[in-house]
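Please find below some notes on this structure, for a colleague who has not looked at it before. They are set out as numbered points.

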Amino acid sequence: MANPFDLSGRVAIVTGANTGIGQGIAMALAQAGASIAAVGRSSMDETEAMVTEAGARFHAINADLGTIAPVKRIVAETLSAFGALDILVNNAGIIRRADAIDFTEEDWDAVIDTNLKTAFFLAQAAGRHMIEKGRGKIINIASLLSFQGGIRIPSYTASKSGLAGVTRLLACEWAAKGVNVNAIAPGYFVTNNTTALREDLDRSTAILARIPAGRWGVPAELGGAAVFLASSASDYVHGTVLPVDGGWLAR
Ligand code: NAP
């Protein structure tokens, strides 16, 4: 029987693949056999070395995802580099922290634009190609803030709650067209995104005390969920937001 998790011959776009969760997911998809189009505004050299070492093909696409200007080019460049596009991982994201009472319009717009607007329009651009082919997998990187309120991150919570909603909407529109749209909600992972939290002794102690697994996650631990949602193993999975959180939401 063929391995339903095998991604040989598949092509994946991963945004924000230079570091953290995006790099971990790019590696997992590469190890499962996918070619990687790594999209971002920083050097992809480290990820390129890791992916090619794993025996997968790699192409870097330089793009600032703070606006939707590059979305059509990203899809076109992927198709011209690899001749296919099967998987999109909308991972790039930012966070701005301040009390709601002081939160600025600039911090609102920057986070919503990157985390929600660009993710939607990149899904639309990739979705047009996938619908034409009758097959595709879109994975949005959501958050525990897709389920909970949090504190001091109003635009981040709005963006991740919105992304969960958009995941469900796209699944409803595209499931019958052969395109699976799902999301992964990481719990607390050790990346640049959480440096400020981990450096705040009170917050990090409180967070750790609530995680049933008793520790923060590391990006490689999201690989299994990403490969599952990118592969034919998940062909009947549509519109779900899959927590990978050490048990946080079960608490
Ligand atoms: P990270 O290390 O800060 O990575 C964020 C990635 O997004 C980086 O590659 C960053 O590129 C990229 N990015 C941000 N703005 C961009 C822009 N305008 N153009 C292009 N790329 C841009 O944090 P991370 O934890 O791996 O975050 C990845 C995703 O996981 C985010 O969507 C985040 O919200 C989500 N998440 C993280 C956690 C966690 O605990 N860490 C939990 C839940 C969800 P640069 O390096 O160039 O800035």
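1. Which residue in E2 is the bridge partner of Ile13? In this predicted model, that partner is Ala37. The two strands concerned, E1 (residues 11-15) and E2 (residues 35-40), pair in the parallel sense over 5 bridges.

2. The sheet is open and has 7 strands, in the order E3-E2-E1-E4-E5-E6-E7, with parallel pairing. Strand E3 (58-62) and strand E7 (241-244) are at the edges with a single partner strand each, so one side of each has no neighbour in the sheet. On average, neighbouring strands are turned by 20° against each other, direction ignored.

3. Two helices may be noted against the sheet. Helix H1 (residues 20-31) lies across E1, E2, E4, E5 and E6, and runs at about 170° to E1. Helix H5 (residues 154-174) packs on the sheet and touches E5, E6 and E7, its direction making about 160° with that of E6.

4. The whole structure contains 3 aromatic pairs. One of them joins Phe120 and Phe121 edge-to-face, at 4.9 Å centre to centre and 85° between the planes. Phe120 is partly exposed, with a relative accessible area of 25%, and Phe121 is partly exposed at 26%.

5. Tyr188 and Trp216 have ring centres 5.5 Å apart and planes at 75°, so this pair is edge-to-face. Tyr188 lies in the loop between E6 and helix H6 (195-199), and Trp216 in the loop between helix H7 (201-210) and helix H8 (223-230), so the pair ties together parts 28 residues apart in sequence. Both Tyr188 and Trp216 are buried.

6. Ring pairs link Tyr188, Trp216 and Trp248 into a cluster. Arg198 lies over the face of Trp216, 5.9 Å from the ring centre, while Arg210 lies over the face of Trp248, 4.2 Å from the ring centre.

Note on methods
Residues are numbered from 1 along each chain as its sequence is written. This is a predicted model: local features need pLDDT of at least 70, side-chain atom pairs count only at pLDDT 80 or more; totals for chains, interfaces and linings use all residues. Side-chain values use heavy atoms; hydrogens and water are left out. Two strands pair if DSSP finds at least two bridges between them. Helices (H or I, at least four residues) and strands (E, at least two) are DSSP runs, numbered from the N terminus. Axes are lines fitted to C-alpha atoms, for helices over the stretch in contact, and angles run from 0 to 180 degrees between N-to-C directions. Contact means heavy atoms within 4.5 Å. Rings of Phe, Tyr and Trp (its six-membered ring) pair if their centres lie within 6.5 Å; planes under 30 degrees apart count as stacked, over 60 as edge-to-face and the rest as tilted. Buried means under 20% relative accessible area, exposed over 50%, partly exposed in between (1.4 Å probe, protein chains only). A charge sits over a ring if NZ of Lys or CZ of Arg is within 6 Å of the ring centre and within 35 degrees of the ring normal.
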